[in-house]
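This report describes selected local features of one structure. The sequence and coordinates are shown first.

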Amino acid sequence: MKTISLKMPEEIYEKVEKYRKAMDKNRSGYVMEAVVEYTKKLEREELEEQLREASKKTARQYEKMKDELKDWDNAIFDYEKYYGVEKE
């Protein structure tokens, strides 16, 4: 385990003391829990951003495919119209 030295404003220190005592935790345990929770939050936000980007990419691919299918449909219609082929 690594050791970290931490300085903080007096007002934050007092709040930390108040809540850690109420939770019956030592300072290290309290701060460690806060750091772990904050890190999890950042990881979730990072994952959410990756999911948003993947979703946007999928939507772009869908629109491209939809346009290509529309072009194919128009080409088939033109072929049928030109050669007098009836749709089934």
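Asp24 is exposed, with a relative accessible area of 72%; here buried denotes under 20% relative accessible area, exposed over 50%, and partly exposed the range in between (1.4 Å probe, protein chains only). The model is a predicted one, in which local features need pLDDT of at least 70, side-chain atom pairs count only at pLDDT 80 or more, and totals for chains, interfaces and linings use all residues. Residues are numbered from 1 along each chain as its sequence is written, and side-chain values use heavy atoms, with hydrogens and water left out.

Asp24 belongs to the loop between H1 and helix H2 (27-83); helices (H or I, at least four residues) and strands (E, at least two) are DSSP runs numbered from the N terminus. The phi of Asp24 is near 55°, a positive value in a residue other than glycine. Most residues other than glycine have a negative phi.

Helix H1 (residues 10-22) has 13 residues and should span 18 Å at 1.5 Å a residue, which agrees with the 18 Å between its end C-alpha atoms. The expected span is 1.5 Å times one less than the number of residues.

Val16, Glu17 and Arg20 of H1 are buried. They cover an arc of only 100° around the axis, which puts them on the same side of H1; the arc is that of the directions from the helix axis to the C-beta atoms. The face turned away from this buried side carries the exposed residues Glu11, Lys18 and Ala22.

Tyr19 is also found in H1.

| Residue | Relative accessible area |
|---|---|
| Tyr19, partly exposed | 43% |
| Asp24, exposed | 72% |

The C-alpha atoms of Tyr19 and Tyr30, 11 residues apart along the chain, are separated by 8.6 Å.
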